[in-house]
Each structure stands twice: as structure tokens, then as C-alpha cells.
Amino acid sequence: RHATMRWQEGDAVSLIGGQCPTIGGSEYLFCRYGLTAGRPPDLDLDHERRVQAFVRTLVAGGLVRTAHDCSEGGLAVALAEMAIVSGVGVSVTSVPAGADGRTDAAWFGEAPSRIVIACETAALPEIERRAGEFGLPLRHLGRAGSEEIELGDAAALPLAVARSRYESALLDLS
């Protein structure tokens, strides 16, 4: 078995891992402000090992169809990539906090050991139980569906616009 980045309409979307994202050393800090500065978050190797092992058990057990890391660009970029690849938008209703309560850090900050998963709603109780066994935080973010990428109260972008920008990004550089 394997997981892809494609979720389906109605899938529950959750975040595994609990490290607080920061903009220190992030793509966001560089792209938005032209800065390469700040300290990136520390890597807790034991936490990373547990996150990876947990996700592997979920995929092997057929409990999730989708798994994607939140690395370059943070949570908002991971969600947008997944929505674009899936052709299905997402509505996020629960936003994890960023460093120092910053909204930009919550959406675009980076931290290791964070993976977005999507699954059928019926699988959530079992996934939550297993997350407890692994000693990992699991936060339900929202649901896949609609024609928009809705990031809580922070932003909403039509999926067609996101796809167009994604597909033309390299052309815009020339």
C-alpha cells in the first residue's frame, strides 16, 4: 500500500506532529521579505521517528489515502499542493498556532515532523486512538471539498486560481 497527495471529496483532513512552526530560516521569510535569517526549529529525532512510524502504520493499515509533509512553505503550501493535485478544495476550520501566536507562522512557518493526512471520516476514531499509542498529537483541520482553498478566517482562494498560479510559476520567472 501507499499514500498519495490526492484526497477525495468529504475526506477528513488532519495534521500529525506537534512542533510549533516558525518563520526562522523559512521559505516564507525569504520569498516575502528577501531574508535568510532566524533560527530554524530544532529537530527532535525521537519525535520524527515516531511520526514516520505512525504514518507508515496508517498507510499499511489502509486507514489513510493521503499523506504529505509540511516542509517548504508550511501548512498552507502543503494544503494548496494537495488541493491542486486532487482537484478538490479544502475548508480548514481549526488552525494550529504559530510561533509567538503569529498567523503567518501558523500558515507558512516551517517545523519538522508535521504531516497532513486525509482519510474517510469513519477512520478518525481509530487514527486518534493510534496517535495516542504513539504519543503523538493529532489535530483535525477540516474537510476536503468545495472549489476553494479556505484557510480558516485568514484567506480563501478559488482552486482554479491556485492551480493557474501553480502551473504558471516557472513561466513567470522567465
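**Strand S1.** I looked up strand S1 (residues 12-16) in this predicted model and found it mostly covered, with five of its five residues buried (under 20% relative accessible area, 1.4 Å probe, protein chains only). Strands are DSSP runs of E, at least two residues, and helices are runs of H or I, at least four residues, numbered from the N terminus. Ala12, Ser14 and Ile16 point one way from S1, Val13 and Leu15 the other way, and all are buried.

**Basis.** Residues are numbered from 1 along each chain as its sequence is written. The model is predicted, and local features need pLDDT of at least 70, side-chain atom pairs count only at pLDDT 80 or more, and totals for chains, interfaces and linings use all residues.

**Partners of S1.** I then checked pairing, for which DSSP must find at least two bridges between two strands. S1 runs antiparallel to strand S4 (residues 115-119), joined by five bridges, and Ser14 stands opposite Ile117 in S4. Strand S5 (residues 138-144) also pairs with S1 in the antiparallel sense over five bridges; here Val13 stands opposite Gly142.

**Largest pocket.** I noted a volume of about 680 Å³ for the largest pocket, taken as the space filled by probe spheres set on grid points joined across faces, edges and corners. A pocket is an open set of points on a 1 Å grid over the protein atoms alone, where a 1.4 Å probe fits, with protein on both sides within 12 Å along at least five of seven lines; lining residues have an atom within 4 Å of a point. The lining comprises 20 residues, and Gly73, Ala76, Val77, Ala80 and Phe108 lie nearest the centre. Elements giving two or more residues include helix H1 (27-33) and helix H3 (74-86). H3 gives the most, with five residues.

Terms used
Heavy atoms only, no water. Buried < 20%, exposed > 50% of the residue type's maximum accessible area, 1.4 Å probe, protein only.
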